[in-house]
Amino acid sequence: MMATTHALVGMVLLSATGLFAPEYLPVAVAGAAVGGIVPDLDLLGNHRRTLHFPVLYSAGALALVAIAATIPTILTVGLAAVLLSAALHSAMDALGGGLEVKPWKGTSDRAVYSHYHDRWIRPRRWIRYDGAPEDVALAAGLAGVLIVFFSGWIQTVALAFLVISVLYGLSRKPLVVAGEYLVERLPAHVLDRIPFQFTEDLS
């Protein structure tokens, strides 16, 4: 799934904070947006392994949610939201496509790495690949909830994520074609420095 979809999932879920602790709604939603994006910062490294921890994030999130419920502060609520959203992101990656440059081919058996189990979790492909029409539709639905029920910066961020999602969805496959074109023309010494996962399907 797209990073924006993950962020929107966390934002919608944590927006429930407004029902019982409205004073912490802004920090909870902001933390969810950050936590939903952070795992994908490993995109240029060992993607879906370096910063993806489906089990460990979940355990930490449960502990922090308990702390935030007992001692609610901007810090505890914010950290709980970040970790909960990161846990959701990591776990939800198993519902998407495999870890490959062209995930619509369905050839990879790696979705996300579980450090706790010391193995890769296989892709379920409920959402075939990041940027797939169903991924964009999910992001649009989630963004729509936030746009309808909130105002101010939450509405603005949701709208921005929606625009990014649509643009990425439209350009997902053309980006791979462009990547193929560039890889074919890169000098060998430059190509050797690009992570293997980004070139294995582009050569």
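Here are legends for close-up views of a helix pair and a pocket in a predicted model.

**View 1. How H1 and H5 pack.** Helix H1 (residues 3-14) sits against helix H5 (residues 74-92) at an angle of about 130°, axes 9 Å apart. Helices here are DSSP runs of H or I, at least four residues, numbered from the N terminus. Axes are lines fitted to C-alpha atoms over the stretch in contact, and angles run from 0 to 180 degrees between N-to-C directions.

**View 2. Who touches whom between H1 and H5.** H1 brings His6, Val9, Gly10, Leu13 and Leu14, while H5 brings Ala81, Leu84, Ser85, Leu88, His89 and Met92; contact means heavy atoms within 4.5 Å. By type, the contact residues are seven nonpolar, four polar and no charged (Ala, Val, Leu, Ile, Met, Phe, Trp, Tyr, Cys and Pro are nonpolar; Asp, Glu, Lys and Arg charged; the others, Gly among them, polar).

**View 3. Lining of the second largest pocket.** Of its 15 lining residues, Thr17, Phe20, Val65, Ala68 and Val77 lie nearest the centre. A pocket is an open set of points on a 1 Å grid over the protein atoms alone, where a 1.4 Å probe fits, with protein on both sides within 12 Å along at least five of seven lines; lining residues have an atom within 4 Å of a point. H5 gives the most, four residues. The lining is 14 nonpolar, one polar and no charged.

**Notes.** Residues count from 1 along each chain as its sequence is written, and side-chain values use heavy atoms, leaving out hydrogens and water. Local features need pLDDT of at least 70 and side-chain atom pairs 80 or more, while totals for chains, interfaces and linings use all residues.

Methods
Helix = DSSP H or I, 4+ residues; strand = E, 2+ residues; numbered from the N terminus.
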